[in-house]
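Trainee: I'm new to this one and would like a close look at a single part, with some idea of how the rest is laid out.

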Amino acid sequence: MSDSALLTIDRERFQEDFDTLSSFGATAEGGVNRPAFSAAHRAARRWFAGRAEEAGLVVHVDGASNHSASLTFPGAEKTLVIGSHLDSVPTGGRFDGAYGVLAALEVLRRVKEAGLQLSVNLMAIDFTDEESHYVEFLGSRAFTGVLPLAELQTPHAAPMREAIAGLGLDLEAMAGSGRDAREFAGYLELHIEQGPRLINSSTDIGIVESIVGLRFSRLVFTGQADHAGTTPMEIRRNAGLGAAAFTLALHELLDTDFPNCVGNVGNMAFTPGVTNVVSRQVTVDFEFRFPDEQQGDALEAVIEDRIASIAEQFDLEFEITPTGRARSAQTDPALQRAVGDAAERLGLSAMTMHSGAGHDAQIMSAFTPACVIFIPSVGGISHNPAEFSTREDCENGANVLLQTVLSQSGG
Ligand SMILES: [Zn+2]
C-alpha cells in the first residue's frame, strides 16, 4: 500500500465550502431552493466553477450546461468521473447532490495538492437537472448521448425551453453533447442515503448495488363540462372522479400487489378549474419506481388496466403519455469491492444496499462502470429542508470517495 492510501480531505475547507454552497438558494426553513436553471442554481454553479479554477483545475461547461472540473496527468488516457448535482427540488435540503459535487471537487484538490501522478485523469462533474424538474436526468443523459433532440422539442419540454431562454444554450447543442464512452474509466457518485437503513443499523457507508428504475407519466382524463348546480349527478362525466379514483387505486395496488415498488401522484390540474363547473378534464402527473425492469413492466401493465377500468366506470376518455423514464441499474461489482476496501482501510463499517432514489449513476452505469457511495441520513429524511447528515459522516464519505478514486488510478 502506498503512502497516499491514507490521504484524507481537508476537513476545514470542506466544511467551509459546504456552508458557502448551502447559502445559494437558502430558504428560511434551512434548506435550499435551487431548481435547474434558476438564478440560485446558476449562482451555485458559478461558485463551483470559481472554486475549481482557484484550485488550478480546468473548468468546462458542455452544451447541456453540465459543469465539470478536470485534473489531467501526462500519459493518462482515460478519465474517471466523480460527481453528482447542484440542483435541488424546490423544497430541497442542503445535502442532496451538493454534497457529492463538493466531495468530488475536494478529491481533485487533494490529489493535486499531494502532487500525485495518477494513471487516469479525474473529472468532478455537476450534472444538469438531476432532479428532473424539466427533463428526466437531462445532464447525464446528454453526457452519455441518450437524450434525443426530439424529446427536447415536445410540449412537455416547453417549460425547460422557457427556462433556458437567454442563457446561451440551445437544444441541438444539448442533445449533441454526448461523449465517447471509450474516454472514460468509470463513474463514482457520493450521496446521502435519503433513507433510514444506514442510520438505523449504525453503519458508516452504504455501497449501492442496484438503483431503482422509474417511470413518469402524464394521465389525462376527459369528461364533459356541465353546470355543477343543474346537471343531475348520475349523468355527469366528471374527470375529477377519474383522477381521485386513480390516486387511491395506485396507492392500493402498490400496497397489496407490488410490495417492492412505490408510486406517487404528484400533481393534478383541473379544467376549467372552478367549483361551479363539472370538471371537463384533469391532468394527473404520476410516477412509479421498481427494483428491476420485469417488475416495472408488470406494474405498468396493471396501472394501465386500472386506468382503463376507472375511465369506463366514470364514462371518461383517457390518454397516458410517458414523460420520463430511467431503467433500473446494477452498479459495477469491481467498484463495489473498491468502495468496501476503501471503507475498511479507513476503519469504517459498510454494507451493500439498494437505492430507492434515482441518481445520475443509473444513467452513467449504462455508459461506463459506475457505483454510488451512501452516507447516513439522519431520520432518513430527504427532499426536505430538514435533510441532515453529520459532519463526521460527510467527512467519512468524502474520504472513502478519495480512497476509492486512488485505488482506481494507481495513486
Ligand atoms: Zn440527489
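Mentor: Ground rules before we dig in. This is a predicted model, where local features need pLDDT of at least 70 and side-chain atom pairs count only at pLDDT 80 or more, while totals for chains, interfaces and linings use all residues. Residues are numbered from 1 along each chain as its sequence is written, and side-chain values use heavy atoms, with hydrogens and water left out.

Now your helix. Helices and strands here are DSSP runs numbered from the N terminus (H or I, at least four residues, for a helix; E, at least two, for a strand). "Buried" means under 20% relative accessible area, "exposed" over 50%, and "partly exposed" in between, with a 1.4 Å probe and protein chains only. At the start of H1, a side-chain oxygen of Asp10 comes within 3.3 Å of the backbone nitrogen of Glu12.

Buried in H10 are Glu293, Gly296, Leu299, Glu300, Ile303, Ile307, Ile310 and Ala311. They cover an arc of only 115° around the axis, so they sit on the same side of H10; the arc is taken from the directions from the helix axis to the C-beta atoms. The face turned away from that side carries the exposed residues Gln294, Asp305, Glu312 and Gln313. Among the elements covering the buried residues are strand E7 (213-222) and helix H9 (239-257). At the start of H10, a side-chain oxygen of Asp292 reaches to within 3.2 Å of the backbone nitrogen of Gln294. Just after the helix, Asp315 takes a positive phi of about 60°.

Across the divide, 13 residues of domain 1 are in contact (heavy atoms within 4.5 Å) with 12 residues of domain 2.

There's also a zinc ion. Its protein donors are His85 (NE2), Asp96 (OD) and His191 (NE2), lying 2.0 to 2.2 Å from it. Donors are N, O and S atoms within 2.8 Å of the metal (3.2 Å for Na, K and Ca), and water is not among the atoms, so sites may look incomplete. Asp96 is in the loop between strand E3 (79-84) and helix H3 (98-113), while His191 is in strand E5 (residues 184-192), 95 residues apart. Asp96 is buried, at 5% relative accessible area, and His191 is buried too, at 1%.

One last stop is Ser140 in helix H4 (residues 138-143). Ser140 counts as buried at 0% relative accessibility. Its side chain makes a polar contact with that of Asp360 (2.7 Å). A polar contact is a pair of N or O atoms within 3.5 Å; within protein, one must be able to donate a hydrogen and the other to accept it, and residues adjacent in sequence count only if both atoms are side-chain atoms.
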